[in-house]
Amino acid sequence: LSDTLSLAQLEILCKQLYETTDTTTRLQAEKALVEFTNSPDCLSKCQLLLERGSSSYSQLLAATCLSKLVSRTSNPLPLEQRVDIRNYVLNYLATRPKLAAFVTQALIQLYARITKLGWFDCQKEDYVFRNVIVDVTRFLQDSVEHCIIGVTILSQLTNEINQADTTHPLTKHRKIASSFRDSSLFDIFTLSCNLLKQASGKNLNLNDESQHGLLMQLLKLAHNCLNFDFIGTSTDESSDDLCTVQIPTSWRSAFLDSSTLQLFFDLYHSIPPSLSPLVLSCLVQIASVRRSLFNNAERAKFLSHLVDGVKRILENPQSLSDPNNYHEFCRLLARLKSNYQLGELVKVENYPEVIRLIANFTVTSLQHWEFAPNSVHYLLSLWQRLAASVPYVKATEPHMLETYTPEVTKAYITSRLESVHIILRDGLEDPLDDAGLVQQQLDQLSTIGRCEYEKTCALLVQLFDQSAQSYQELLQSTNSSSMDIAVQEGRLTWLVYIIGAVIGGRVSFASTDEQDAMDGELVCRVLQLMNLTDSRLAQAGNEKLELAMLSFFEQFRKIYIGDQVQKSSKLYRRLSEVLGLNDETMVLSVFIGKIITNLKYWGQCEPITSKTLHSVRKLVKLSAVQFMLNNHTSEHFSFLGVNNQSNLSDMRCRTTFYTALGRLLMVDLGEDEDQFEQFMLPLTAAFEAVAQMFSTNTFNEQEAKRTLVGLVRDLRGIAFAFNAKTSFMMLFDWIYPSYMPILQRAIELWYHVPACTTPVLKLMAELVHNRSQRLQFDVSSPNGILLFRETSKMITTYGNRILTLGEVPKDQVYALKLKGISICFSMLKAVLSGNYVNFGVFRLYGDDALDNALQTFIKLLLSIPHSDLLDYPKLSQSYYSLLEVLTQDHMNFIASLEPHVVMYILSSISEGLTALDTMVCTGCCSSLDHIVTYLFKQLSRSTKKRAAPMAQESDRFLHIMQQHPEMIQQYFADLRNGIVNSQPPEKQQAMHLCFENLMEGIERNLLTKNRDRFTQNLSVFRREVNDSMKNSTYGVNSNDMMS
């Protein structure tokens, strides 16, 4: 009775979980069900739910619970039980073919998980989980519904084995995947092809939903087989660059036989468009089979069949009106060139006809720019690769690209220009807003446009002159509409981007004087347009056009400024004739003039300002740069101003600006203090203004915040740039002691406003960072200690106040609290490891600065849950790198902590060892090494007869460790016994010997020689244990440990 009652309760909970709209009820149900999954009788209850459960939701719960149980790494289910579950699931599916789709899916997932994890499990010399095709055969010989289940099982299993999961080691995953590939995958692929042949051979009744479903599952299965990660290379499925499918040599027969390829092309033409994307996906994989699978003659034959199939699709393009079909077909076209050479393609019988069809298809696609914009990438990638191969093709057959490539270039350029009017008219999404996509397409066009460059340039000059003339006329006319102006600006924006791209595509060995002269024509036009738009900035400007100009400058700088181009280049001759710019210095002056104009007029526009600031390089000698160094005020550069509209967090550009200025200043600064003082005048004035505000009781808080945040961002930029001792000491003497109290006061006042505290804390962290050994104080200077006192004061002030915030909502906890704490940890780490303070002095003279900082660190640490330490990457990096320094240099402090704090730190190390971030892992290993070294030294000292009495804290630390022997001493013994006992009896002796050898020759000391010896022993130990495991079918857990 109790069983049925609890079953009824479970069913109600399932309904509440999946159906209720009330959040509280759902959360309670979820909590109760989580407890159920962890209960000891979960397994038997799941079976009862499957047997007697009345709703699909309870069956789903049972399937997902069982999946969790079989996936457990700790306390795994015994082999017999897993075999029983597997058999039970297969029978359950066979006797109930009409379950809800999500239940069937969950049960098949359970079968796949059991099979994968038990792949190497043996029962009486038989690998019990490997007879998958036998398991599925009985489904395939039954009704269509059963057939679908059977195919889905194979498909899901292939997918499951192909995917690594985070709970099991990668090496174990690769072993299973390789074994599955060698023993079963080809049979599964052959089976899927045979079933597809049967299905396409029959008169398919595709109105019959079940037949339709079967065909879809068969195609998914074939695709999963072809998409298998055969050699363990594809870590990232989202990238399409891994264009080679590493089919094993044993599969050769399937690809040499043209019927496999023909099967998929035939299917494409005979099945409904909703299924054909899957067929094309399979063809994309087949077209990408590694080249070395064939010899030259075989490859030519295979390519010929492939090109024939593509030609047939292009001649009957009706199905391509479906966006999914179109996308996959574009991918297929791109693979033609990524996997085969142009020299091979031109030898195909129908090449002239096929390249004409592909060119027409590309031109039509580009003209319909609004249809499937994400697929264009693949078409451009095909033409980019074709155009790049032209200089290298050795074949005598004509490639005809000189005819078709200019058509593609023209279609791309004209279609982008024509799109501008429609996008503005209908308020559509502007492709120019997606900078990444535009950049990618322009990179591809830069190569395509350089093929038959004369035609590209003639087209660009013609279109640019038309648009520029219309633009000028519209600006001069009094009654022109803003829409017409916007259209011409949009067209010019595209043209400036495209001109930048084709100039950036110049390849030094392949370019001629004539081409450089043509570049000159294009550059003159862009610079003339820039003069026109700059003259209008006081009234109006166009942000996108300005960004295009910056992109153009970047490309021009890359190609024509520097040593890679001769000064006598035809480009400069043309610039000199038209604009009077004779050499690169004069062009650079134009660039800097543009930079200043941008900073002046576009100060509030973050994208333009940040891109402009990244352009300030190698430009010190120019008069315009001297102007910037002498006039960095809001009067000249509006983004340095404090206006009430701007947001506190919008001032990030200022740090970049001052980093650039600081680097430029340092070039000639030397020891010139007057020049430094002159440069700092605007910042001095700002600090004095804030000091003035703080000295009165009533001041405008918003204005004070803005002035201070802007100021500390500027200072951080300068501090970052000043990485030499002389310049940094000038900055240090300027800020300390005069202005430090203002920063401390700001932290006291606004500790709860991250927009204020974050910049101040970051500035302090930069000031104490001994970058390039810049913080080297003289022997008689106390500045190192004074700087540490200020740091300690700031950490203590901020730390004690931020802890008064109380409960912070989870979604705001990082912004409001953890980010500031993380910067404090970084600051403390920088000052402790900077090597400019002797920390022994503090205790000696009764100064509590060091103690306060460390105690605040502990308070802050205890306010953070363990999970947060690893969930927020910046926090974990700053915490673990600080812990490494503390355990290295301040173990006496760690040893004096309360037991619960020590345990907290040790468990944070233990969790950090399994983190994905290697910096965190290595930090934990070092910290652990320092702690254990300290313990060992203390223990050695306590056993010596004449040893001095032990310090109180060391005694306490040892006492904590003795109370928790499982932490260190006991751990190794338990681990060794556990691993030895998990081996089959005949192997236990060998495993015991491995552990004996591990400690062979190791003495009880920590000398480097001894440590090296242990490391060598460990390598041998790992190799021996792995060898032993390969021949063993037991002890899976210990195998996990070794991998």
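Modeller: Let us begin with Phe679, which is buried because its relative accessible area is 2%, where buried means under 20%, exposed means over 50% and partly exposed is what lies in between, with a 1.4 Å probe and protein chains only. Tyr658 is likewise buried, with a relative accessible area of 2%. Please keep in mind that this is a predicted model, in which local features need pLDDT of at least 70 and side-chain atom pairs count only at pLDDT 80 or more, whereas totals for chains, interfaces and linings use all residues. Residues are numbered from 1 along each chain as its sequence is written, and side-chain values use heavy atoms, with hydrogens and water left out.

A pair of aromatic rings is described by the distance of the centres and the angle of the planes. Rings of Phe, Tyr and Trp (for Trp, the six-membered ring) pair if their centres lie within 6.5 Å, and the planes count as stacked under 30 degrees, edge-to-face over 60 and tilted for the rest. By this rule the count comes to 32 aromatic pairs. One of them joins Phe230 and Trp251 edge-to-face, with 5.3 Å from centre to centre and 85 degrees between the planes. Both Phe230 and Trp251 lie in the loop between helix H10 (209-226) and helix H11 (252-256), so this pair ties together parts that are 21 residues apart in sequence; helices here are DSSP runs of H or I with at least four residues, strands are runs of E with at least two, and both are numbered from the N terminus. Phe230 is buried, and Trp251 is buried too.

Now to the pair you asked about: Tyr658 and Phe679 are edge-to-face, with 6.4 Å centre to centre and 70 degrees between the planes. Tyr658 belongs to helix H29 (residues 652-669) and Phe679 to helix H30 (residues 673-695), so the pair ties together parts that are 21 residues apart in sequence.

Helix H30 also holds Val690, which counts as buried because its relative accessibility is 0%. Leaving aside neighbours within four places in sequence, Val690 is in contact with Thr707, Leu708 and Ile742, contact meaning heavy atoms within 4.5 Å. The C-alpha atoms of Val690 and Ala704 are separated by 6.1 Å, and these two residues are 14 residues apart along the chain.

Elsewhere, ring pairs link Trp119, Phe180, Phe186, Phe189, Phe228, Phe230, Trp251 and Phe255 into a cluster.

Two packed helices are described by the angle between their axes and the distance between the axes. Axes are lines fitted to C-alpha atoms, for helices over the stretch in contact, and the angles run from 0 to 180 degrees between N-to-C directions. Helix H34 (residues 754-767) packs with helix H36 (residues 813-832) at an angle of about 10 degrees, their axes being 9 Å apart. That makes H34 roughly parallel to H36, since angles under 35 degrees count as roughly parallel, over 145 as roughly antiparallel, 65 to 115 as roughly perpendicular and the rest as oblique. Among the residues that make the contact are Leu761 and Met764 of H34 and Ile823 and Met827 of H36.

Most residues other than glycine have a negative phi, and most peptide bonds are trans. The peptide bond from Tyr736 to Pro737 is cis, with omega near 5 degrees, and Pro737 is found in the loop between helix H32 (725-735) and helix H33 (740-750). Met400, which is not a glycine, has a positive phi near 60 degrees; Met400 lies in the loop between helix H18 (376-389) and helix H19 (401-426) and is partly exposed, with a relative accessible area of 22%.

For the chain as a whole, the secondary structure comes to 48 helices and two strands, and buried residues make up 50% of the 1043 residues. Of the contacts with a separation of 6 or more, 75% are between residues 24 or more positions apart.
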